[in-house]
Amino acid sequence: MGNVKRWPVLAGVGVVVAAAGWWIVDEMPTVDDTVAREALPSIDEHLRTHAWTGVLAGSGLADVRWVCTQKVIETRPDGERVKVGLVAGCDETARDGAGLVKGSGFRQPMVYLVERGERGYRVLDRQLAKDGAGYSPSVKAMFSWLGARRVLDGASPDDPRSVTPAAFGLPEGTPVRAWR
């Protein structure tokens, strides 16, 4: 008779475990590679043209620009639009003689809202993680549960210096030094 009473408890535990497994799988951050590949050019352009004013802006150096890399954490459909959660790394860079000089830089989690148009995806909005004590709560609000975990555990894009020479039309291995 003791075994008969255990079956409802075991069945209940099984249902809870199955539901938790389904919820976790449903919350797994996924990246639609096609959306990411097609949306990143407009996101990159937005990043470079809406970046912060850095230390090189008033330096007198010519051709100051932001060079960015992104690590896409997740893409989430939002009706006809898509939310692209990513971590961006950007360096403010300028030519200096035969080499390059790096000024300011940042690594920032953000979620872009993009929409497909006739000429590809266009940026509608960008949400940035907050600084200081608001950082962790804002990341958790912006990303899925597991996407936020990846960001908070340190997911990071490639170092922007890896693509900086190419952004200036210079050969790989061109020196990039720190500004003063």
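Hi everyone, let me start with a term: a residue is buried if its relative accessible area is under 20%, exposed if over 50%, and partly exposed in between, using a 1.4 Å probe and protein chains only. What we have here is a predicted model, where local features need pLDDT of at least 70, side-chain atom pairs count only at pLDDT 80 or more, and totals for chains, interfaces and linings use all residues. Residues are numbered from 1 along each chain as its sequence is written, and side-chain values use heavy atoms, leaving out hydrogens and water.

First, the cysteines. Cys 68 and Cys 90 are both buried, and a disulfide (a pair of cysteine sulfur atoms within 2.5 Å) joins them, with 2.1 Å from S to S. The link is right-handed, at 115 degrees about the S-S bond. It ties together distant parts of the chain, 22 residues apart: Cys 68 lies in strand 1 (residues 65-78) and Cys 90 in strand 2 (residues 81-96). Strands here are DSSP runs of E, at least two residues, numbered from the N terminus.

Now the rings. Rings of Phe, Tyr and Trp (its six-membered ring) pair if their centres lie within 6.5 Å; planes under 30 degrees apart are stacked, over 60 edge-to-face, and the rest tilted. The count is one aromatic pair. Why is the pair of Trp 66 and Phe 106 called tilted? Because their planes stand at 50 degrees, with the ring centres 5.6 Å apart. Trp 66 is in strand 1 and Phe 106 in strand 3 (residues 99-117), 40 residues apart. Trp 66 is buried at 11% relative accessible area, and Phe 106 is buried too, at 16%.

Technical notes. Helices (H or I, at least four residues) and strands (E, at least two) are DSSP runs, numbered from the N terminus.
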